[in-house]
Amino acid sequence: MRIEAHDDFRIAVELSDEDMDELQITYEDLDYSNIETRRVLWTILDEARQTLGKEINLSEKMLIEAVPSNKGGCTIYFTVLQKSSEKHTSRLLIKKEFAPVICEFSDINGVIDLSRQLIGKINNAKSELYGKNDVYRLLVFPETSQQKRIEAVVCEYGELKDSSPSIVSLTREYWKKLAGPFAVNDIGSC
């Protein structure tokens, strides 16, 4: 766990895959309405308070942003918001992801071939494989600078799909997850 104070109002906490395992939570599970997420966030803030040697008031209105890392884990930003005239405290959790490249395949061989091509090109970017009714859908989350290059390679092996947030959500909800969070690495190295 790496903790940095950007200023008096903003703290960044970088969590590795191992940190996430130790805290018993995944990026996908982060939801402030969930008691386990709150437990994890309070644990992280307590660790930040001890590491930085400064008081962090948990009753302040706070914006919490979670951004996934390409190497697994995530970075969580805690920003204390300006006090308003209202006596109301709340916290918001916003999860941010890079837009994925989504590709569909009618057989698993296309997934395997594409994964072997991408394994050295995506710098360990997050990727997830889903299946439904003998169709496979691969979601690859490359850095923005790699997006077009990855799309060009994907077109040779399967059908490139729209990468809207709704497609990602529907895939995660209604399709069966077969591999992840680094599906391309797992499949391509076989």
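**View 1. Asp19 and the residues it touches.** Leaving out residues up to four places away in sequence, Asp19 touches Met1 and Glu14. The model is predicted. Asp19 is found in helix 1, which spans residues 17-23.

**View 2. Asp19 as a buried charge.** Which side chain of opposite charge is nearest to Asp19? The nearest is Arg2, 8.9 Å away. Asp19 is buried, yet has no salt bridge. The cut-off for a salt bridge is 4 Å, from a side-chain nitrogen of Lys or Arg to a carboxyl oxygen of Asp or Glu.

**View 3. Gly73 in its loop.** Gly73 lies in the loop between strand 3 (62-68) and strand 4 (74-80). Is Gly73 buried or exposed? Its relative accessible area is 11%. Buried means under 20%, so Gly73 counts as buried.

**View 4. Gly73 and its contacts.** Neighbours within four places in sequence are set aside here. Gly73 is then in contact with Leu15, Ser16, Asp17, Met20 and Pro68. Pro68 falls within the range of strand 3 (62-68). The C-alpha atoms of Gly73 and Asp21 are separated by 9.0 Å. Along the chain, Gly73 and Asp21 are 52 residues apart.

**View 5. The whole chain, for context.** The chain has 6 helices and 10 strands. Of its 190 residues, 41% are buried. Among contacts with a separation of 6 or more, 72% join residues 24 or more positions apart. The accessible surface comes to about 10,600 Å². Carbon and sulfur atoms account for 48% of that surface.

Conventions:
Residues are numbered from 1 along each chain as its sequence is written. This is a predicted model: local features need pLDDT of at least 70, side-chain atom pairs count only at pLDDT 80 or more; totals for chains, interfaces and linings use all residues. Side-chain values use heavy atoms; hydrogens and water are left out. Helices (H or I, at least four residues) and strands (E, at least two) are DSSP runs, numbered from the N terminus. Buried means under 20% relative accessible area, exposed over 50%, partly exposed in between (1.4 Å probe, protein chains only). Contact means heavy atoms within 4.5 Å. Lys and Arg count as positive and Asp and Glu as negative; His and the chain ends are not counted. Accessible areas come from the Shrake-Rupley method with a 1.4 Å probe; for residues, only the protein chains shown count as cover.
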